[in-house]
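Here's a quick tour of a protein model, starting with its aromatic rings. Have the structure open and follow along.

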Amino acid sequence: MADPPFGFSAGDDPERDKRKDPGSGGDPFGGAFGGGGEFDMSQLGQIFSKLGEMFSGAGNPTAGGSTSGPVNYDLARQLASSSIGFVAPVPDQTRTAISDAVRLAETWLDGATPLPAGTTRTVAWTPTEWIDNTLDTWKRLCDPVAEQISTMWASALPEEAKAMAGPLLSMMSQMGGMAFGSQLGQALGKLSREVLTSTDIGLPLGPKGVAALMPEAVEALAEGLEHPRSEVVTFLAAREAAHHRLFSHVPWLSSQLLSTVEAFAKGTKIDMSGIEEFARGFNPASLTDPTEMEQLLNQGIFEPKATPEQTVALERLETMLALIEGWVQTVVSDALGDRIPGTPALSEMLRRRRATGGPAEQTFATLVGLELRPRKMREAAALWERLTQAVGADARDAVWQHPDLLPSASDLDEPAGFIDRMVGGDTNGIYSAIEQAIADIEWDHVERGIVDPETGDDGTAGPKQ
């Protein structure tokens, strides 16, 4: 599992022992702990009472006028913008070149996949524009994890402790929102200068159908390569356009990805001993100093533990992202072919960038707590390539009709069985899965009154087609 998200880590704290030492400053909780340092739950009310006096103003609106949530996104946006600094507008000539590259790539992709073009417009974003246009998606990615981490420790408290906590819980929630927002802002500010496209991490971060390239990052990448800039731009434009074909015409894909992240977050657990450790070494007086508060939040309060639920969700997400990236590599290679001589080398460069944990992967792991395994991406590409050779592009892309039709994690390790099923027509129940999906949709329409169960009438005027 990756490093715990949002600064919740179990890193060594050289000051912790000093705080525990009664002789180094006395017991700020007035004997809430025994002489041997044991946590006394019967004295928890005394701790909360003292801290509650300090946090009597908790829960008030933030400076920006909105109440603090699991992540303070106003703070995140401010910190990200501050780290970016001044950014010159993208020249019209550059915007035109990127639009032309995407248009050309779409034409070539038409011959490599039956999925139609998914881009409705093409843009060239500055780092600031990338943040503005992707922040809503980052909220969907980060909120489930932040909410789970910020509330699970409180839910683990005994009921009598919850009743005594009062303002402390509200203040801790507000502090957590600031800490999460701070880390998010710093990470996004760095990432905004390094991502190449809106789909660089395999997720649809930007608006649907908007193909976006980052000229500043693309230029920096091209400077270190031996390929012409025009080839690099066209290659990246093709990858961006291919991603949008999937996300636009596989309607379940985006929601499935985000739901899997949420499932991972809901599986997060902590050990109650983390709360006891926090209370044992915590000096409430330190919260009067903003610097001390930041150090406290950054050193971590609890460490989330990997759970079986998270393991299942993580494998599902890794497999899905690997299938997306492998499919994109396959269709882009087929589309560009001999047209862009540097395509194989550029594809390998991106694979290595992902394999070494590039900025996108590192940021995703930090913010969401998930670490992707690039090994599966290479295997997924090999599966799609072999499947294309065996059954053709139409049958290959038909498996995107429903999530149950996609190769599993075991299929990535042993693709021969999956390909044999596709070649032999034994698709392991994929047609029944499609029929079930259609039946579920029809029944949902009946329950919602959209379709009459007796006549099948959907209430619209005119004869049935």
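The structure contains 2 aromatic pairs. Rings of Phe, Tyr and Trp (its six-membered ring) pair if their centres lie within 6.5 Å; planes under 30 degrees apart count as stacked, over 60 as edge-to-face and the rest as tilted. Keep in mind that this is a predicted model: local features need pLDDT of at least 70, side-chain atom pairs count only at pLDDT 80 or more, and totals for chains, interfaces and linings use all residues. Residues are numbered from 1 along each chain as its sequence is written, and side-chain values use heavy atoms, with hydrogens and water left out.

**The ring pairs**
- W327 and W400 have ring centres 6.4 Å apart and planes at 80 degrees, so this pair is edge-to-face.
- That pair links distant parts of the chain, 73 residues apart: W327 is in helix α13, and W400 is in the loop between α16 (375-398) and α17 (409-413).
- Helices here are DSSP runs (H or I, at least four residues), numbered from the N terminus.
- W384 and W400 are stacked, at 5.6 Å centre to centre with 20 degrees between the planes.
- Because W384 lies in helix α16 and W400 in the loop between α16 and α17, their pair ties together parts 16 residues apart in sequence.
- Ring pairs join W327, W384 and W400 into a cluster.

**Helix α13**
- Its 29 residues (308-336) should span 42 Å at 1.5 Å a residue, and the end C-alpha atoms are 42 Å apart, which agrees; the expected span is 1.5 Å times one less than the number of residues.
- After α13 comes G337, with a positive phi near 45 degrees.

Notes
Helices (H or I, at least four residues) and strands (E, at least two) are DSSP runs, numbered from the N terminus.
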